[in-house]
Each structure stands twice: as C-alpha cells, then as structure tokens.
Amino acid sequence: MKAEQRRKEIANYMMSEKTAVSGGKLSEKFGVSRQIIVQDISALKETGYEILSTHSGYIMQSTPHSERV
C-alpha cells in the first residue's frame, strides 16, 4: 500500500473511532512500524487534519474543510 492511500485509510479509521487510537494499534492494523505511523500522522496534520496526540493515542478532532470558490 502506498503512503498516500495508507494515510487516507488511517484518517478514515480514526474518524470512525470514538476513543484514542494508539500508534501501536495503527501500526499493527496497517502493517507498518510505529515510526511510519508517526510520520503519517504528521503528514495528515500538515494537510489540515486536526489530530490530538495524547498518552493514550491519537484523537481525530476535525478534518480539513474544502472551500468553494
């Protein structure tokens, strides 16, 4: 799975979760290392996702809003 596709799936998965999702759980689910998950979370934040990092894991607070022009 390519990084961009994995990031979309991580974002979708996190939006469906009601509680914090640990990096370990994400790495196991997507078959990559926790370091890759950290990089993916950072990339998602750069694209506008608001993700809170807690001691329990990651929480999706909001998604980027598309603008109409």
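Reader: Which residues of the largest nonpolar core touch the most other members?

Author: This is a predicted model, and its largest nonpolar core has 14 residues. Helix H1 (3–16), helix H2 (23–30), helix H3 (34–46) and strand E2 (57–62) each supply at least two residues of this core. The members that touch the most others are Ile-10, Met-14, Leu-26, Ile-41, Leu-44, Ile-51 and Tyr-58.

Reader: Which element gives the most to this core?

Author: Helices H1, H2 and H3 and strand E2 each provide at least two core residues. The element that gives the most, with four residues, is H1.

Reader: Leaving aside neighbours within four places in sequence, which residues is Leu-26 in contact with?

Author: Leu-26 is among the core residues that touch the most other members, and Leu-26 also belongs to the H2 side of the contact between H1 and H2. With neighbours within four places in sequence set aside, the partners of Leu-26 are Ile-10, Tyr-13, Met-14, Val-21, Ile-37 and Tyr-58.

Reader: Are H1 and H2 parallel or oblique to each other?

Author: The axes of H1 and H2 come within 12 Å and cross at roughly 125°, and this crossing is right-handed. Angles from 65 to 115 degrees count as roughly perpendicular and those over 145 as roughly antiparallel, and H1 and H2 are therefore oblique.

Reader: How do the residues of the contact of H1 with H2 divide by class?

Author: H1 brings Arg-6, Glu-9, Ile-10, Tyr-13 and Met-14 to the contact, while H2 brings Lys-25, Leu-26, Lys-29 and Phe-30. By class these residues are five nonpolar, no polar and four charged.

Reader: What is the orientation of H1 and H3 to each other, and how many residues of each class does their contact have?

Author: The axes of H1 and H3 come within 10 Å and cross at roughly 80°, so the two helices are roughly perpendicular to each other. From H1 come Arg-6, Arg-7, Ile-10, Ala-11 and Met-14, which meet Ile-36, Ile-37, Asp-40, Ile-41, Ala-43 and Leu-44 in H3. The class count for this contact is eight nonpolar, no polar and three charged residues.

Reader: Does Arg-6 count as buried or exposed?

Author: Arg-6 lies in helix H1, and, leaving aside its neighbours within four places in sequence, Arg-6 is in contact with Met-1, Phe-30, Val-32, Ile-36 and Asp-40. Buried means under 20% relative accessible area. Because the relative accessibility of Arg-6 is 9%, Arg-6 counts as buried.

Note on methods: Residues are numbered from 1 along each chain as its sequence is written. This is a predicted model: local features need pLDDT of at least 70, side-chain atom pairs count only at pLDDT 80 or more; totals for chains, interfaces and linings use all residues. Side-chain values use heavy atoms; hydrogens and water are left out. A nonpolar core is a set of buried Ala, Val, Leu, Ile, Met, Phe, Trp, Tyr and Cys residues joined through side-chain atoms within 4.5 Å. Buried means under 20% relative accessible area, exposed over 50%, partly exposed in between (1.4 Å probe, protein chains only). Contact means heavy atoms within 4.5 Å. Axes are lines fitted to C-alpha atoms, for helices over the stretch in contact, and angles run from 0 to 180 degrees between N-to-C directions. Angles under 35 degrees count as roughly parallel, over 145 as roughly antiparallel, 65 to 115 as roughly perpendicular and the rest as oblique. A crossing is left-handed if the near helix is turned anticlockwise from the far one by less than a right angle, and right-handed if clockwise. Ala, Val, Leu, Ile, Met, Phe, Trp, Tyr, Cys and Pro count as nonpolar, Asp, Glu, Lys and Arg as charged, and the others, Gly among them, as polar.
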